[in-house]
Structures are given as structure tokens and as C-alpha cells.
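Take a look at the sequence and the fold, then read on.

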Amino acid sequence: MNRLPRPRHLAAALFVPTLAVAAGCSTAAGELPDGPSGPGEADAAGAPDGAPLVDAEPAADAPSVVVLRVFGDDYGDAVGYAPFGGSTGGPSIVGVSPHGGATALQLEVPAAGYTGGAFRSASAVDLTGYTAVTFWARASRAVTLNVVGIGNDAAITTYWAEATALPVSPAWARYVVPLPDPSRLVAEHGLFHVAEGSDEGAYTLWLDDIQYEALDPVALGAPSPAIATETVELAIGAAHLINGTAVTYPLDGAPRTIAASRRYFTFASSQPGVAAVDADGRVTAKATGTAVITARLGAPDAPGAPDAIGVTTVHVHP
């Protein structure tokens, strides 16, 4: 099966179930492939703990501004659906019990294989003024939705970010996916993606009111980035990709984590002559010795960019 181009959360009143968020899913029969939810760049990130954020009906005075509509009765301007490689089916616009307006998107999850794809814009979209993408979902029965995310247009996955294992019930519920670093999203095509395997059997999934919003950063909370803490042995000339890139948000008194592309991070080496690291988080062994790789969320010159928890220690030998 081809890789999916990287599939894999607030208003005033929140209910946040405990879920696990991971960077990918198993490639066993009926499950989603590892890494990006579609054809595109593979990722070696681990499976960080945490949960996608699920929101009850927002309070009337919740501070939120809709800035970009992906779907609401119809697709937004220049937005279409691109299926991931190996997926079956696709969304249909139906008038059956929508969340708002007259229609919703309906996806039939198969009994075998998977369904999934990207909602992509034909023209590049500047997302730097937004803080989250929100959507509503319900299912024909209680299920756990495998993957939703951003930054995957079914071909390019440079700035993917994903939440997994979302609890979806027959009642509409609102979900929020924060943008790890909006300043990076200057020309995006992949506005939203979803992927669901057949591990829970066939069922019907509905999505509605998918949109980008400028949510109050105070409501989202200060992001806490992380990379995997690990020790790596490399021969001179060998390379290693930094693992476990993720961002946690302190919501409702409990940490909530999403997996995120390495490209949201800036990496540094304590000894670049021993082990150098590039913008893609690729460490290359240069000379015998030891180097420590650290990271921060955002550009090197971004004011207040938080340092990431975790370090990668690299031992280089001949």
C-alpha cells in the first residue's frame, strides 16, 4: 500500500477524553500505513502520549473568528478532495442530518482496507494568521477515528500535524487541531486530511463545518514541544533522523499532544564538527566523538520560541 501523504484540538466549554496520539498506524491488513497518511515524506516520529482535543458545543461568547472555510454545505473556494494511495471510496455531500446548514460530508468506511484523503486547495493558502483548524464529526456508531490532520495534500507533507484515536459517537462533536507554528504555513495546499482503517469494521462517518479559526492563544495554552530522548551510535558518514517530534497543549488541566513534522522545529548540535543536523532533522556523522542534538519549536530567531524537551545524544565512531 502506498503511504498516505501524512495523515495521522478550544472554546469555553471543553470535554476532553483521554486518547493516545501517534505519528502513524500499523500496516497490518485493514489498518493505515505508518508515517504520513498518504504518499509523501515518511516520518520516524514515535508515538507521543496525549489526546486530540474534543470540544462540546462552544459557548455563545467564545472568542473565535472564522478565517477560512474548507467545507460548509460545499467545499471552500478552490478546495477539492484527493484520495490517498490505496484508499477506497471518498466523501459525498449529503443532506442527512448535517451539523449546520443544509449538507455534510459522508464517508463510508470499508470492511477491508481503508478510506482517506486530503482536502487540498488548488492555490497556495497563507495560514499564518490562524491558530487552529476545527471540524465537527459524528458516526453511525461509537468508533475511534484513526487520523485527522493538516499539511498533507496527498503529495507533499512538509508541515504535517496530526491527531489520532479520536472518539466519535452518533452525536455531533467539535474537534480542534492547533497549528504548531502558524508562521511556517505561508503557502499551504493541504488544508485538512482524514484516514480511517477497517479495524472496527464498516460504518458511516460524517464531517461538517471544517474551517480555520483564530482561536485565542490563551485558550489553546502555551505549546510544549518535544523530541525523543535517545542515544544513537553512528559510523562516520551515516545519518539518523530525529524521532518523536510532537507538541503538547495544557488543556483542561491535562496535557494533550499532537505529532508534528520535524520542519516545525529548529535543531542544533553541540558539536557540529562531530555530528551536524539540518532543517529536516537529519543528523550526519562527521568525525569521531559525541554530540548532543537539541531542538526548539519555531524559527531560530522567533521571539520566545520554546525549547523542546528531550535530546538526542550521538556517538560517532570510525
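Which residues does Asp-209 touch, not counting residues up to four places away in sequence? Asp-209 touches Arg-69, Phe-71, Gly-72, His-99, Gly-100, Thr-134, Phe-135 and Trp-136. The model is predicted.

## Around Asp-209

Asp-209 lies in strand β14, which covers residues 203–213. Is Asp-209 buried or exposed? Its relative accessibility is 13%, so Asp-209 counts as buried; the cut-off for buried is under 20%.

One of the residues that Asp-209 touches is His-99. The side chains of Asp-209 and His-99 make a polar contact at 2.7 Å. Phe-71 and Phe-135 are also among the residues touched by Asp-209. Both of them belong to an aromatic cluster.

## Aromatic pairs

How many aromatic pairs does a search of the whole structure find? The search finds nine. One of them joins Tyr-75 and Phe-119: the ring centres lie 6.0 Å apart and the planes meet at 40°, so this pair is tilted. The pair links distant parts of the chain. Tyr-75 sits in the loop between β4 (66–71) and β5 (79–83). Phe-119 sits in strand β8 (residues 114–125), and the two are 44 residues apart. Tyr-75 has 23% relative accessibility and therefore counts as partly exposed. Phe-119 has 0% and therefore counts as buried.

Phe-119 also pairs with Tyr-81. Why is this pair edge-to-face? The ring centres are 5.3 Å apart and the planes stand at 65°, so the pair is edge-to-face; planes over 60 degrees apart count that way. Tyr-81 lies in strand β5 and Phe-119 in strand β8, so the pair ties together parts that are 38 residues apart in sequence. At 22% relative accessibility, Tyr-81 counts as partly exposed.

## The cluster and a charge over a ring

Which residues form the aromatic cluster? Phe-71, Tyr-75, Tyr-81, Phe-119, Phe-135, Tyr-175 and Phe-192 form one cluster.

Another ring, that of Trp-206, has an arginine over its face. This is Arg-138, at 3.9 Å from the ring centre.

## A sheet of three strands

Three strands make an open sheet. Their order is β17-β22-β21, and the pairing is antiparallel. Which strands are at the edges? They are β17 (239–241) and β21 (275–277), and each pairs on one side only. From one strand to the next, the twist averages 20°.

The pairing of β21 with β22 (residues 282–285) is antiparallel and runs over three bridges. In this pairing, Ala-275 stands opposite Ala-285 of β22.

## A sheet of four strands

Another open sheet has four strands, in the order β16-β24-β23-β20. Here the pairing is mixed. Why is one side of β16 and of β20 left without a neighbour in the sheet? β16 (230–235) and β20 (265–269) stand at the edges, each with a single partner strand, so one side of each has no neighbour in the sheet. On average, neighbouring strands are turned by 25° against each other, direction ignored.

Within this sheet, β23 (residues 289–297) and β24 (residues 312–317) pair in the antiparallel sense. Five bridges hold this pairing in the count. What is the bridge partner of Thr-290 in β24? The partner is His-315.

Technical notes: Residues numbered from 1 in each chain as written. Predicted model: local features only at pLDDT ≥ 70, side-chain atom pairs only at ≥ 80, totals over all residues. Heavy atoms only, no water. Pairing = 2+ DSSP bridges. Axes fitted to C-alpha atoms, helices over the stretch in contact; angles between N-to-C directions. Phe/Tyr/Trp six-rings, centres within 6.5 Å; stacked < 30°, edge-to-face > 60°. Buried < 20%, exposed > 50% of the residue type's maximum accessible area, 1.4 Å probe, protein only. Lys NZ or Arg CZ within 6 Å of the ring centre and 35° of its normal. Polar contact = N/O pair within 3.5 Å; in protein donor to acceptor, adjacent residues only side chain to side chain. Contact = heavy atoms within 4.5 Å.
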